[in-house]
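Please look over the model below with me. My notes follow as numbered points.

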Amino acid sequence: MTIRVVATTTLTLFISAALVFCVELISRGSLSQTLAFFQQPLRPSWTTVALFALLLIFLDALIGRAYHALFVIAPVVLVLAFIGHQKSLYLGDPLYPADFLYARQIVELLPLLASDRPLAAVAITCGIVAGLVALVAAWKFWRPRAPALSMRGRMARLGIALPLLIFFGSIMDYATYSWVRDRLQIIPMMWDQKENYNNNGFALAFALNVPMAKVVAPSGYSAKAIEAIPQAGPALPVLPAERPDIILVMNESFWDPTRLPGITITPDPIPNVRALQSGHVFSPEFGGMTANVEFEALTGFSNAFLPYGSIPYQQYVRGPVPSLASFLRSEGYDTRAFHPFAGWFWNRTPVYQAFGFEHFMSQETLPQLAARGPLASDAALVEEIIDQADRTSAPLFFFAVTLQNHGPYAPGRYSDATHSVEGEVSEATRGAVISYAEGAADGDRAFARLVEWARQRDRHTIVAMFGDHLPPLGPVYVETGFMEGNVAKRRAPLPQMAVQHETPLVVWSNRSGGVEGIGSISPSFLPLELMKTAGISHPYYTGFLGAMRERYRVVDRNMLVGADDASTPDWSQAKVIDPAIRDFRLLQYDMIFGKHHGAKTFFPQPMPAGMM
């Protein structure tokens, strides 16, 4: 009996170690890094092996046959590891539990991704089919040969595994200190997720991120703390007699591709934006996660104060949240959002309602827009915006998210491309740059059309456009020498961060022309710039954000950049945080998760009727 227990335990540990090794090899994509994970004593590799062994024992007890849990656990964790590796290659971030909130978005984009890499898509599909066939065959082969567990054996396994798994789960809350967790070498590094996954391994880092959807009140949060926040602006909003129309366009992946070194793009893809450019947006994202940039631009709040890897649109917007739309709607504006894709994508339909938009013109409600390439064209979207604006008598606030230049950028995307690329690069890189530049040029021309239309109007009209993030050009960046890897760094010196996160910004008025000298700013400061250009004063959007802008131009989770260009990396880990940043965090928490103590002071206008 003792020999059997020892043999079973040894085999289970061996299977667990092999599975953990495969998971790490797939997720890291490096044999040397995987071996280092197991060899270095200060990493929890063998803790992970023990955890997997407990899971195998627990599930075997439930199934009733030895070693059958492997057929359940192995496919799940290996697929997760593969997805995590692909995400890190494409977006630069590891896989988080919260990512499954937008699984439907990924499925919807699969045809576009497959068209960019058809051979890879075929290989993956064949791999999935072969894996499923192998799994079913192995199950059928092994099940009749595996010994059935007696009731006593099953209870013994449950008695050992279940309490230990429950205990293990209880120590995985990263916000709570655990002596046992420290002894097991599990060190949560939530401020640096790449290092978190590198140090703790894929499985444990993924588990540590499960509680990330929960936002804990900042230290010191109370009604008195909110009341103590200095009020820099007017007590009530002040609007000009002539209320200007405001159109804000967030152009998908809009960027200046002439920044790529070693190549020349002819003609200039973005001459109109270049001529009117006001500054740059310092995007908190790279290659994707558009909704997070959008969240900052519409609310004036910051992702810097939310858990790493979180998606406010998916996780946190569950009721009215103050935004430019809710404020302007309360002042009699017609507020509309435009995006020529499905309304459920990024959860936009309920989020826009919560933000105070009166109408959301999505794929379901827009007329059929002409396509350019595989997606709705920027030109067609702008014509629809102009048509609706011309038929609107009230002052308007229109917010549009374009779609045409969404990645990937397969060579030959446009059969009538007008751009050429000169330089010592591969044909694949040349073709990808041409496809991207063609889409950027279409966005530039669409913006010029919007400006020219506004120029002819009698009504005061403000038009603004910015890119949400750099495009996911991947190997193009490496081959041209723009970046060392396929994705931007989350931590780097400011000059490098700026190059890899800045997108063009234009704020223009048909009364005063283009706004100059905005500099490079976080999207959360866009409401400030729009309200200033419109001649509108507001307790939060020009008061609080104005005072914040005098101190900082970038508020990023990994770096603060002062108005004097001084950078403060890893500011959130400092023992002492600037009181201005502390107040920003407190007020944002109060308005999204808290008791709204600051609503009367900073957002005094009532929420429009009919909002969520």
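1. Helix 21 (residues 539–551) lies across strand 14 and strand 15. Helix 21 runs at about 95° to strand 14. Helices (H or I, at least four residues) and strands (E, at least two) are DSSP runs, numbered from the N terminus. Contact means heavy atoms within 4.5 Å. Axes are lines fitted to C-alpha atoms, for helices over the stretch in contact, and angles run from 0 to 180 degrees between N-to-C directions.

2. This is a predicted model, where local features need pLDDT of at least 70, side-chain atom pairs count only at pLDDT 80 or more, and totals for chains, interfaces and linings use all residues. Residues are numbered from 1 along each chain as its sequence is written, and side-chain values use heavy atoms, with hydrogens and water left out.

3. In what order do the three strands of the open sheet stand? The order is 14-15-16, with antiparallel pairing. Two strands pair if DSSP finds at least two bridges between them. Strand 14 (552–555) and strand 16 (567–569) are at the edges, each with a single partner strand, so one side of each has no neighbour in the sheet. On average, neighbouring strands here are turned by 10° against each other, direction ignored.

4. Strand 14 and strand 15 are antiparallel and share three bridges. Val 554 stands opposite Val 561 in strand 15. A hairpin links strand 14 to strand 15 through three residues.

5. Strand 15 (residues 559–562) is joined to strand 16 by three bridges, again antiparallel. Met 559 has Pro 569 of strand 16 as its bridge partner.
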